[in-house]
Number of protein chains: 2
Amino acid sequence: MGGEREFIASLLVPLANTPAARGLADDAAVWTPPLGRDLVVTHDVLACGVHYLPGDPPGDVAWKLLAVNLSDLAAMGATPAGVLMGLALSAAEDGAWREAFVAGLGRAMTHFGVAMWGGDTVTGIDRAVLGLTAVGFVEPGQALARSGASVGDDLWVSGTIGDAGLGLAIALGEAPGDSYLLNRFRRPLPRLALGQALAGIATACMDVSDGLLIDADRIGRASGVRLSIVLADVPLSGQALARTDGDAGMLARATAGDDYELLFTAHPDRRVDVAAAATASRTPVTRIGQIFEGVGVAAVNNAGVDITPARLGWEHS
Amino acid sequence: MGGEREFIASLLVPLANTPAARGLADDAAVWTPPLGRDLVVTHDVLACGVHYLPGDPPGDVAWKLLAVNLSDLAAMGATPAGVLMGLALSAAEDGAWREAFVAGLGRAMTHFGVAMWGGDTVTGIDRAVLGLTAVGFVEPGQALARSGASVGDDLWVSGTIGDAGLGLAIALGEAPGDSYLLNRFRRPLPRLALGQALAGIATACMDVSDGLLIDADRIGRASGVRLSIVLADVPLSGQALARTDGDAGMLARATAGDDYELLFTAHPDRRVDVAAAATASRTPVTRIGQIFEGVGVAAVNNAGVDITPARLGWEHS
């Protein structure tokens, strides 16, 4: 535990009120995992100016930092337990920013039932880079993967698609404001309960972070199958629907990132089980396509024409 | 798992050749921990220009990133298992830098017997920020802490003190070169075997990362005792000894950071056990003081005078 003593003592220690964190007073966290489970561990980084905007509310940045990592756990069907943070801060993250960041983080941690275990804070860098490690667990051998989709499986997605991309346009001042859409961009809701309920049901699963089509393509490549998506069946929110026109509009929704919904496949015999998982987790799910022989993804319009675009989503160059 | 596709595919995937990493193809790593152990988890960040110099060899930067985190596990008595990395890279970290970084990381991982599980890579930031999460395990309840030192305990330190501080001066061009000292700064050796051997023997333990005196002070504050250090007993390497003169010189060694030795306390009845742990782990240890009533640290010279300086070591402002 290095870094900014006062920030840690006054703001982070109160947050780390779990035995595993040891009051942030030792060199590492110590946690007794539930017996006989597999651990699921992920680490995602948000860079200021790349993944969020310098003017974004600090509390929302904290929420997003936690949420994107928990979304990775959700995609594996895991239950989150604790997190460690690596904060590299610049002079722009002043006292008020830090206070608001930690307050927002605390709210998010409470919301998702996850504990702060530790980490590191460094200062004196030019632009903030925020890393977070999330640790969770699954029943042994039950972690979901991208590689299990089979020909004939159904393709499903949770929630609605494209809201966050519209929210980003609003945050950038490129589109008229809407608090629902902006919130979907700034405060994503990882589908933890659904992911956990899908263990043993879904054959493949991942979270939609870079765009529906590109993430579907990843499942297709990992599984050695082709995911065919009926664009008209992709669920949109009312707010997104009002801003979406024709095939081009649907493709814009399906290639925008930051949705953090779950995209998963399951055998058609398991439709009742998928519906039960959705009900149990209070998460809407929609069947949006089917798995065929081939590799990758195909987006099909109402006329049955394959209109898969060259750019499938957010590509990290 | 976001970020720089080609870098990940060509350089990081070959490194992640362990089942837990799932070929870096899923949203998170999945690891089956040894049954009934406690997990020990730490995350430390190295920022370019703050913790290492832009001109440092990339392989050494990788070594240090891994080593400082494993040193935190060593301080807890833990056995390392796997790591996740969060790399935020700028244009300065070009193809050659990345290749050398990953090659050095691979060598360090092999040296310390630790697996690459995953992480995230982002680009387009101004200056590199490198984060690493290390996961290890200990026998249940056996993790070492800073808070267990008792009045009457001996104070011990492993290896030699002050070499890395002299190495930093060499790296900065402020002192004549010496490959041993420079190496001690750039390629620290976490005392993993000693830490593991000290479980059940040491009453308090931490790694010396910010300076012997300041880290001793931290044990003192965490344990509610005073650590008295006999400066003349603090072990120096031959190379450091040749550059160290009088009390001022000893204080310079004892307030420099980056040594990554273990500083620990044990009851005097356990001297034979400490010696056995040192032998078993092939790590030299030296008794450098004793624990008294009070709080914090005191540095005593040959004349028995308390010459504790105001500045105890590297303070993160």
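Two strands count as paired if DSSP finds at least two bridges between them. The strands themselves, like the helices, are DSSP runs numbered from the N terminus, with at least two residues (E) for a strand and at least four (H or I) for a helix.

Good morning. The model before you is predicted, so local features need pLDDT of at least 70 and side-chain atom pairs count only at pLDDT 80 or more, while totals for chains, interfaces and linings use all residues. Residues are numbered from 1 along each chain as its sequence is written, chains are lettered from A and ligands numbered from 1 in the order in which they are written, and side-chain values use heavy atoms, leaving out hydrogens and water.

I begin with strand β10 of chain A, residues 285–292. Strand β8 (residues 226–230) of chain A runs antiparallel to β10(A), and 4 bridges join them; here A:L227 stands opposite A:I291. Strand β6 (residues 154–158) of chain A also pairs with β10(A) in the antiparallel sense, over 5 bridges. In that pairing, A:L155 has A:G289 as its bridge partner.

I turn next to an annotation. In an unreviewed entry, UniProt gives the feature "binding site" at A:D27, A:T42 and A:D72. These positions span 46 residues in sequence and their farthest two C-alpha atoms are 26.5 Å apart, so they do not all gather at one spot. UniProt positions follow the numbering used here, feature names are shortened, and annotations may be inferred rather than shown by experiment.

Is A:T42 buried or exposed? With 3% relative accessibility, A:T42 is buried, where buried means under 20% relative accessible area, exposed over 50%, and partly exposed in between (1.4 Å probe, protein chains only). A:T42 lies in strand β2 (residues 38–47) of chain A. Beyond its neighbours within four places in sequence, its contacts (heavy atoms within 4.5 Å) include A:D72 and, from the other chain, B:D27. A:D72 belongs to helix α2 (residues 58–75) of chain A and is buried too, at 2% relative accessibility.

Finally, the two chains. A rotation of 180° with 0.0 Å of shift along its axis superposes chain A on chain B, with RMSD 0.0 Å, by least squares on the C-alpha atoms of residues with pLDDT of at least 70 in both. That is the relation of a two-fold axis. Between the chains there are 4 salt bridges, each a side-chain nitrogen of Lys or Arg within 4 Å of a carboxyl oxygen of Asp or Glu. One of them joins B:R127 and A:D126 at 3.3 Å, N to O.
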